[in-house]
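This report is meant for a reader who meets the structure here for the first time. Please look over the sequence and the model before reading on.

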Amino acid sequence: MRVEVDQPKCVASGQCVLVAPQVFDQDDEGIVQLLDATPGPELDEDVRESAAICPAAAIRLVEA
Amino acid sequence: MTSVPPRRIVVVGASAAGLTAAETLRRAGYDGSLTLVGGEPHPPYDRPPLSKQVLTGAWEPERVHLRRPADLDALALDLRLGVPAAALAPATRTVTLADGTSLTYDGLIIATGVRPRRLPECDTPGVHVLRELGDALALRERLTAGGRLVVVGAGFLGAEVAAAARTLGATVTLVEPAPVPLAHAVGQQVGAHLAQVHRDHGVDLRTGTKVAGITTGAGRATGVLLSDGSTIPADDVLIAVGSEPNTEWLEDSGLRLADGVVCDRYSAAAPGIYAAGDVARWHNPLFGTDMRVEHRTNAAEQGMAAARNLLAPEQAKPFAPVPSFWSDQYDLRIQAFGHLRDHDEARVVDGDPADGGFLVAYRRGTALTGALAVGMPPRVLRPWRAALAAGTDWTRALDGPPEADQT
């Protein structure tokens, strides 16, 4: 699974960082920073949760 | 006693809460039939950008779609768009749509949202409300440089539209009955700060001012009549005076309705029936109070919670979120966590409004109930969010920076 983030869409809510801090971070403006674009399967559930909960639909998952 | 797993689930409402509920059901392994009913003809789309990027024209309308067509297809939905639900009969487990179609269910999620509160004058050409994509596009077309817009109501929506309209070069008057805009929601300091920001950007902000009506000429709005008898001329008027939950279709359902669909702490309105998003009033045990939250983040969180509890009622978890919201006005970001309304005290605990960036903590009784940042890096709110999630009391929360000790 590959993770894509749409930074111009990001609203800096930080929800993704709460759910999957190994994969997402925020810069000083709060905008999402992708730490790991191809996280391991052990993070699958957290990454899916992050994508689902993002209030800006700024996270997209592309299945391998 | 264990319940029989549902095989026919209907989700009524195809915006953020309904879509997230549908996705969560599939992600949890539910492979029965799944019908998603939307009153609007559009595939699920996002509303916060309507008063921001869509209004300024920074985004093309297609950008608000919440999912790509392929991602929607993957959910294997029976997608019914453009026909709202008209009635619910729990005894026969039937949802009836406005076109007469009957849908039977053994699990139901209600996510019909809210609509703008209207005034009698809202039907006059030139008078707008803003909730749907079409509303935003109609208003955007009118907000050409030099136009005169009067915004009635300086809540978050009215303030965001005022900011977007100024960005486009429109002449903007913002009319608000309260002496300080948003004070009841976020406190005096934040309200006064935002009022000044709007004035600095050239908005004619009239606080303590009530609207008596709309003046018309040749069948079109020509301005706003104030209660003191004066008028403000306008080419267009936006009415932004709050929302009402879409619950009329539930009036004969037997469900309890009281400014929303009344739910328990699990977001359940009745056995097998859950509600999520703007339309749901539920008991949030974290704050010990009933609430109905019209914020985008809640729509997704509650859609998830409702879906999970519907699939596994025996393992149901209380829906106990720290609500959050954001607002963009000009180049200023406002971000908040918690339940800020009905606070007893709002105290600036970091930064300084005079410098443009500050953080406010909110107290109700002896509890910390909220935190809001204006023009500060959002990460400064993280420890406050953790303190809210942990139910920290006010004194401890103010004892230096709160520990991010949430597990």
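## Where the two chains meet

Two residues count as being in contact if their C-beta atoms, placed from the backbone, lie within 7 Å. The model is a predicted one, and in it the contact takes 19 residues from chain B and 14 residues from chain A. On the side of chain B that touches chain A, the elements that give two or more residues are helix H1 (16–27), helix H8 (296–311), strand E23 (324–329) and strand E24 (332–338) of chain B.

Of these, H8(B) supplies the largest share of that side, with 5 residues. Sorted by class, the side of chain B that touches chain A has 8 charged, 6 nonpolar and 5 polar residues.

## Strand E11 of chain B and its partners

Strand E11 of chain B covers residues 171–175 and is mostly covered, since 4 of its 5 residues are buried. Strand E10 (residues 148–152) of chain B runs parallel to E11(B) and is joined to it by 5 bridges, and within this pairing Arg148(B) has Thr171(B) of E11(B) as its bridge partner.

E11(B) is also joined to strand E12 (residues 204–206) of chain B, by 3 bridges, and these two strands likewise run parallel. Here the bridge partner of Leu174(B) is Leu205(B), which lies in E12(B).

## The crossover through helix H5

Together with E10(B) and E11(B), helix H5 (residues 156–167) of chain B makes a β-α-β unit, and this unit is right-handed.

Methods:
Residues are numbered from 1 along each chain as its sequence is written. Chains are lettered from A and ligands numbered from 1 in the order in which they are written. This is a predicted model: local features need pLDDT of at least 70, side-chain atom pairs count only at pLDDT 80 or more; totals for chains, interfaces and linings use all residues. A residue is buried if 20 or more other C-beta atoms lie within 10 Å of its own, exposed if 12 or fewer, and partly exposed in between; C-beta atoms are placed from the backbone. Two strands pair if DSSP finds at least two bridges between them. A crossover is right-handed if, with the strands pointing away from the viewer, the path from the first strand over the helix to the second runs clockwise. Ala, Val, Leu, Ile, Met, Phe, Trp, Tyr, Cys and Pro count as nonpolar, Asp, Glu, Lys and Arg as charged, and the others, Gly among them, as polar.
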